[in-house]
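Morning, everyone. Please look at the screen, and I will walk you through a few places.

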Amino acid sequence: SHSEDNMLFEDTYLTVEAAAEGIYKDRGSKFIGMVFPVKTEAEVKEIVARLKKEHHGANHHCYAFRLGADKQAYRVNDDGEPSGTAGKPIYGQILSKDLTNVLIVVVRYFGGTLLGVSGLIEAYKGAAMAALANARIVEQKVMETYELTFSYEKMNAVMKIIKDRKLENRDQDFAEECRLKFSVRKNDAELLIDQFTKLGVGIKNIPH
């Protein structure tokens, strides 16, 4: 049935509230882990580019990110470290906390001693963990925005639904015809579309 399909969609996700950092040291090498809340790949590129400038003396700027409420978009980058020793262990920490819309960058200053594959994996994992330990993890709701169009006679009925369902009323314009935007949790959307449609109210989804 339709409603069951809906329930399968996770309409909340975990992410970090704000940027945070942590440090991991091994045999003179210093690994600075930094975590950032991000929404787009453009933001990721901007932050990585900025850190490369800020830490231009560092040997490597490795990172991993995951984007979207569906957690489908992700990437790992070893930035010159042996394949699988940097980006993957960093990504492993994102997975272990089930985070999304998050970027973790680990900047390495080389200390003169080679750490070997397992040493590197430990260090990149450790720096990512240290950054996450200093971050506040928060739950976000996946919201959808809809616009309603209706005639004045329907105003009270519409406002009652908005109030009863505690919808977040975004902006409204009651000039020629009434227009009103609201946000709702994804899993509650379908029921509302039904309610408004039965009322004879025009409703359309507004992509973010």
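How do helix H5 and helix H6 pack, at what angle and how far apart are their axes? H5 covers residues 155-164 and H6 covers residues 186-198. The angle is about 165°, and the axes lie 11 Å apart. That makes H5 roughly antiparallel to H6. On terms: angles under 35 degrees count as roughly parallel, over 145 as roughly antiparallel, 65 to 115 as roughly perpendicular, and the rest as oblique. Axes are lines fitted to C-alpha atoms, for helices over the stretch in contact, and angles run from 0 to 180 degrees between N-to-C directions. Helices (H or I, at least four residues) and strands (E, at least two) are DSSP runs, numbered from the N terminus.

Which residues meet there? Val158, Ile161 and Ile162 come from H5. Leu192, Gln195 and Phe196 come from H6. By class, that contact has five nonpolar residues, one polar and no charged.

A word on the source. This is a predicted model, where local features need pLDDT of at least 70, side-chain atom pairs count only at pLDDT 80 or more, and totals for chains, interfaces and linings use all residues. Residues are numbered from 1 along each chain as its sequence is written, and side-chain values use heavy atoms, with hydrogens and water left out.

pLDDT is the predictor's confidence in each residue, from 0 to 100. The chain's mean is 92, and 95% of its residues reach 70 or more. Over residues 1-6, pLDDT is below 50.

Next, helix H3, residues 87-96. Its buried residues are Gly87, Pro89, Ile90, Tyr91, Gln93 and Ile94. Buried means under 20% relative accessible area, exposed over 50%, partly exposed in between (1.4 Å probe, protein chains only). The buried residues of H3 pack against strands S4 (60-67), S5 (73-77) and S6 (102-109), and helix H4 (116-133).

Phi of Asp98 is near 55°, a positive value in a residue other than glycine. Phi of Asn101 is near 50°, also positive. Are they buried or exposed? Asp98 is partly exposed, at 36%. Asn101 counts as buried, at 6%.

Last stop, Cys178. Its place is in strand S10, residues 178-185. Cys178 counts as buried, at 0% relative accessibility. Beyond four places in sequence, its contacts (heavy atoms within 4.5 Å) include Phe150, Tyr152 and Met155. Cys178 and Lys154 are 24 residues apart in sequence and 9.1 Å apart in space, C-alpha to C-alpha.

Key: Ala, Val, Leu, Ile, Met, Phe, Trp, Tyr, Cys and Pro count as nonpolar, Asp, Glu, Lys and Arg as charged, and the others, Gly among them, as polar.
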